[in-house]
Amino acid sequence: MKRLLFSILAIALFFASCKNPDYQKIFNNPALYSATVHELNGVVMGNNFSPVVASRNYAYANIAAYEVVAAGDSAHYQSLTGQLNGLKEVPKPFKGKQVDYKYAALLAFCKVGEAVTFPEGSLKYYTDSLHQLAVAHGMPAEMIGNSEDYAKLVSSAIMKWSKKDNYLKTRSESKFPINDSAGRWVPTPPAYSEAAEPHWSEIRPMVINKVPAIAVTPPPAFNVTDTSSKYYHEVKYIKTTTENLTPEQAHIAEFWDDNPGKLNVSGHVMFITKKFSPPGHWMSVVGIGAAKAKADFNTTVCAYAKTSIAIFDGFIQCWTEKYIYKTVRPETVINKYFDPSWRPHLQTPPFPEYTCGHCTNSGAAAEALSSVLGDHVAYTDTSELEFGIKSRSYKSFRDAANENIWGRFYGGIHYYNSCVVSHEYGKEVGDIVVKLLKMKK
């Protein structure tokens, strides 16, 4: 992605000799916003953040950009102040001063994206490149200054709001207590990591006021002795299926793996393989879908913002259920009661099994994204190519979310019932976000 930006900059410098400024054309390009989100994807991945924490990065950053867009195009978009929990005020545009709102939106995204959980400056090289892009394409110096000043004001307001969502409080909360009672989650190999984010239910949601807002059917009661029980059938189904995966099923599992930090162990050697987490994967899908739908800059920003909000709230809902039920993973059950040599196709992530986070946020993301770009945007998801995984094609965003159900099941990390229930649960979260948020006029 750095190469992409530097290529854009090189082209900019080539055309800088032209007397006709074309900065509006350059910054009005929605692909530049998608490239900027991808840049944050790389920073998030490099810092090993869990999927739930990553969702927080994307949500606040995209909201900052959206607020700039809404300020610059108030005829078509309205602010999220008064709509998102606790967001009461965002600075208005400068009176009598020229601002390039696209440039300001990009900067606001970067400033918030790097500051939500990172030390300031992690995207400085990128924002400096955007500044040079503006200069090279003839944006007036006064407009550059005004745009940068407005981006700072908006990003500061969003950051102030973000600090009241209880994130910092949860950093010092107690760890999840481990006890090896029947059916209760315990750490899994190879890292045997502690349970991730057991207090995420305390995070302030964006749209949903009550946690949990949606009634979720409890998981099947733990029972590995009664061969007629629902739980026993779920265990046998996942064991039998994963032991006989077809190449297509294995590809589906690997495509939707999105493990941000897979621990590889070979003898005494251990190393981590990094990929985008589930929210990062869906951020890539937004960019691919927006390009396929030929969405303009403002629509693209709106799509990113609404989708990231749905994912953020979806994770809070899902993580609340995880630590209510505290359910054991298939790997633990099968190894203890059925086959000690069995391993899932994917590495088991470090948190309780029910409900499924990826299925929840995929269901929520598909609803939000469809509400902006359309119900039938056919696309090829190329986001996993950079990790050596071939692309997959879908008839719609909902089609992709439906396949994700099977991806988590084929991976051997979630029971089929959990995947189906979580997908429907996520759709409900997405539907609430779509109904309550008024963005485009």
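Residues are numbered from 1 along each chain as its sequence is written, and side-chain values use heavy atoms, with hydrogens and water left out. Local features of this predicted model require pLDDT of at least 70 and side-chain atom pairs count only at pLDDT 80 or more, whereas totals for chains, interfaces and linings use all residues.

The largest nonpolar core comprises 132 residues. Such a core is a set of buried Ala, Val, Leu, Ile, Met, Phe, Trp, Tyr and Cys residues joined through side-chain atoms within 4.5 Å; buried denotes under 20% relative accessible area, exposed over 50%, and partly exposed the range in between, with a 1.4 Å probe and protein chains only. The residues with the most contacts inside the core are Phe27, Leu84, Ile158, Met206 and Trp282. Helix H12 (residues 297-325) contributes the most to this core, with 15 residues. Helices (H or I, at least four residues) and strands (E, at least two) are DSSP runs, numbered from the N terminus. In soluble globular proteins, nonpolar side chains tend to be buried together. For Ile158, contacts (heavy atoms within 4.5 Å) beyond its neighbours within four places in sequence involve Tyr60, Ile63, Ala64, Glu67, Leu87, Val90 and Val112.

Helix H12 also packs against helix H4 (residues 51-72), at an angle of about 145° and with the axes 8 Å apart. Axes are lines fitted to C-alpha atoms, for helices over the stretch in contact, and angles run from 0 to 180 degrees between N-to-C directions. The crossing of H4 and H12 is left-handed, a term for a near helix turned anticlockwise from the far one by less than a right angle. On the H4 side, the residues making the contact include Pro51, Arg56, Ile63 and Val69; on the H12 side, they include Phe297, Tyr304, Phe312 and Trp319. The residues of this contact divide into 18 nonpolar, four polar and one charged, where Ala, Val, Leu, Ile, Met, Phe, Trp, Tyr, Cys and Pro count as nonpolar, Asp, Glu, Lys and Arg as charged, and the others, Gly among them, as polar.

Strands S1 (residues 262-266) and S2 (residues 269-273) pair in the antiparallel sense over five bridges; pairing requires that DSSP find at least two bridges between two strands. The two strands form a hairpin with two residues between them, and Gly267 in the turn has a positive phi of about 65°. Bridge partners in S2 include Val269 for Ser266 and Ile272 for Leu263. Lys262 lies in S1 and is partly exposed, with a relative accessible area of 34%. The C-alpha atoms of Lys262 and Thr273 are separated by 5.1 Å, although the two residues are eleven apart along the chain. Apart from neighbours within four places in sequence, Lys262 is in contact with Phe271, Ile272, Thr273 and Gln347.

His251, in helix H10 (residues 247-255), counts as buried because its relative accessible area is 8%. With neighbours within four places in sequence set aside, His251 is in contact with Ile389, Lys390, Ser391 and Arg392. Ser284 is placed in helix H11 (residues 278-292) and is buried, with a relative accessibility of 11%. Residues up to four places away in sequence not being counted, Ser284 touches Asn41, Phe276 and Ser383.

Several backbone features were also identified. Most residues other than glycine have a negative phi, and most peptide bonds are trans. The peptide bond from Pro189 to Pro190 is cis, with omega near 5°, and Pro190 is found in the loop between helix H8 (167-170) and helix H9 (230-242). That loop also holds Tyr192, whose phi is positive, near 50°. A further cis peptide bond joins Tyr354 and Thr355, with omega about 5°; Thr355 is found in the loop between helix H13 (330-337) and helix H14 (357-373). Asp258, in the loop between H10 and S1, has a positive phi of about 50° although it is not a glycine. Asp258 counts as buried because its relative accessibility is 1%.
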